[in-house]
Amino acid sequence: MNGNGNDSLSLYGEPLASRLLLGTSLYPSPEIMRRAVEAANPGVLTVSLRRESGSGGAGQGFWELVKSLGRRILPNTAGCHTAREAIATAQMARELFETDWVKLEVIANDDTLQPDVFGLVEAAGVLSRDGFKVFPYCTEDLSVAGRLLGAGCQLLMPWAAPIGTARGLMNPYALRSLRAYFPDTPLIVDAGIGAPSHAAQAMEMEYDGVLLNTAVAKASDPVAMARAFAQAIEAGRLACRAGLMPPRDMASPSTPLAGLAFRD
Amino acid sequence: MKSMAKVTIMVNGEARTTEARTLDELCRELGHSPETKIATARNGEFVPAKSRAAASLAEGDTIEVLSPRQGG
C-alpha cells in the first residue's frame, strides 16, 4: 500500500493498465463505447454472451470491436439464477473469449439482482477446480467472503448497491469490515456506482479497484464521464496511499494563532 | 430413398424440426460457419466446439447457441 514504486494492480498474476474495470453494455452506440473506453483506459472490459439470432451478425460485429480495443476481457455470467446455469455459461465463455477469467454472477432475484450467495459459493468451487480464475460478484458478508476464498477465489467483488441503481456505497461500514478482515485479498467494488465520487470513496477505503458500467454508459456524455471516473479512481487511490487524516469532532484552526492582531 | 429421420428440438428457446443428426450439423443448418464465434450447450451442459460433431440430437433436446454480447 505504501511507497511510491509501481502501483499497478495485478489480478490473478496479471498486471492491469488501471484500476477501473468497465462494462461494455448500454452505450448509445458502438462508436461512443469505443471512445469511452479510450477515455477511461480500463484495465479490464467486461462482456457477456447471449443467444445468437440469425447467422451471427450482432455478436460477431461486437466481438470484432472488443478485440480492436486491445483490453483484458472478463466475461460474465449475468442473468444466471443457478449454479448449474452459471457453470455452463462460464464454460461457454471460456471457449468463446479464450480466457479462463470469469465474472461469476448467480442472481437471487430479478428485483434486486442480489447475488445468490449459496449458488455463488457452489459455482465458484466447481469453476475454480476446473481451472477458472473466478471474479465473484458478491455481497459484503464476511462469512460468504471466507467461503468464496476457500472455494478458490483469489479476489472478491462486493456490491456497493444493486446493479444499475447508481446509489453508491450503501453500506460503507460493511465494506470497511470486509477490507479489514481480508487485508491481503484484492477487493473490487462492483455494481451500484453512480458518480465518480462513489468510486473515489471506495478507493479511499483501500479498495483495489472499481467495476462499473451503467454510470458511464447512461451519462449524457459517456466519453466525458468515462474520463471523470478514471480521474476519480486515480485520485482516490492517491489519497489512500497518501494517508487520509482522521476526522475529529472539534474545530482546529489551520491558520496559526500565534501573532494574531488585536489580541492582548 | 427413405427420407432422413426428423427430430423436433428447442433451439434458443424456439421449437425447430430438423434433419440434423448432430450439433455440428445443426450449427451449419443455422448458418454458422466453423469460423463463427459461437458456443453451444445441449440440455444445459456445455458442448465444446470440437465435440459438436459427436454430439447427437434426440427428440426434445434443448440447445443453446450463444455469441459474444455487451456485458457489465
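Where is the place of Glu206(A)? In this predicted model, Glu206(A) sits in the loop that runs between H7 and strand S10 (209–212) of chain A. The phi angle of Glu206(A) is near 70°, a positive value in a residue other than glycine, and most residues other than glycine have a negative phi. With a relative accessible area of 38%, Glu206(A) is classed as partly exposed.

Two packed helices are described by the angle between their axes and the distance between the axes. For helix H7 (residues 196–204) of chain A and H9(A), the axes come within 7 Å and cross at roughly 25°, and because an angle under 35 degrees counts as roughly parallel, the two helices are described as roughly parallel to each other. Their crossing is right-handed. On the H7(A) side the contact is made by Pro196(A), Ala199(A), Ala200(A), Met203(A) and Glu204(A), which meet a series of residues in H9(A), including Met225(A), Phe229(A), Ile233(A), Arg237(A) and Cys240(A). By class, the residues of this contact of H7(A) with H9(A) divide into 11 nonpolar, 1 polar and 2 charged.

Helix H9 (residues 222–242) of chain A also packs with helix H1 (residues 30–40) of chain A, their axes coming within 8 Å and crossing at roughly 20°. That angle makes H1(A) roughly parallel to H9(A), and H1(A) passes H9(A) in a right-handed crossing. Here Ile32(A), Arg35(A), Ala36(A), Ala39(A) and Ala40(A) of H1(A) meet Pro222(A), Val223(A), Ala226(A), Arg227(A) and Ala230(A) of H9(A), a contact that has 8 nonpolar, no polar and 2 charged residues. In the segment after H9 of chain A lies Phe262(A), another residue other than glycine with a positive phi, in this case near 65°. Phe262(A) counts as exposed, at 87% relative accessibility.

Elsewhere in chain A, helix H5 (residues 142–150) has Val144(A), Ala145(A) and Leu148(A) as its buried residues. An α-helix has 3.6 residues a turn, so residues three or four places apart point the same way. The face turned away from the buried side of H5(A) carries the exposed residues Ser143(A), Arg147(A) and Gly150(A). The buried residues of H5(A) pack against helix H4 (117–129), strand S7 (133–138) and helix H6 (172–181) of chain A, while just after H5(A), Gly152(A) takes a positive phi of about 120°. For H6(A), the buried residues are Ala174(A), Leu175(A), Ser177(A), Leu178(A) and Arg179(A), and these pack against H5 and strand S8 (157–158) of chain A.

Cys27(B) belongs to helix H1 (residues 23–29) of chain B and, at 4% relative accessibility, counts as buried, because buried means under 20% relative accessible area. When residues up to four places away in sequence are not counted, Cys27(B) touches His32(B), Ile38(B), Thr40(B) and Arg52(B). Between Cys27(B) and Lys37(B) there are 11 Å in space, C-alpha to C-alpha, the two being 10 residues apart in sequence.

Notes. Residues are numbered from 1 along each chain as its sequence is written. Chains are lettered from A and ligands numbered from 1 in the order in which they are written. This is a predicted model: local features need pLDDT of at least 70, side-chain atom pairs count only at pLDDT 80 or more; totals for chains, interfaces and linings use all residues. Side-chain values use heavy atoms; hydrogens and water are left out. Axes are lines fitted to C-alpha atoms, for helices over the stretch in contact, and angles run from 0 to 180 degrees between N-to-C directions. Helices (H or I, at least four residues) and strands (E, at least two) are DSSP runs, numbered from the N terminus. Angles under 35 degrees count as roughly parallel, over 145 as roughly antiparallel, 65 to 115 as roughly perpendicular and the rest as oblique. A crossing is left-handed if the near helix is turned anticlockwise from the far one by less than a right angle, and right-handed if clockwise. Contact means heavy atoms within 4.5 Å. Ala, Val, Leu, Ile, Met, Phe, Trp, Tyr, Cys and Pro count as nonpolar, Asp, Glu, Lys and Arg as charged, and the others, Gly among them, as polar. Buried means under 20% relative accessible area, exposed over 50%, partly exposed in between (1.4 Å probe, protein chains only).
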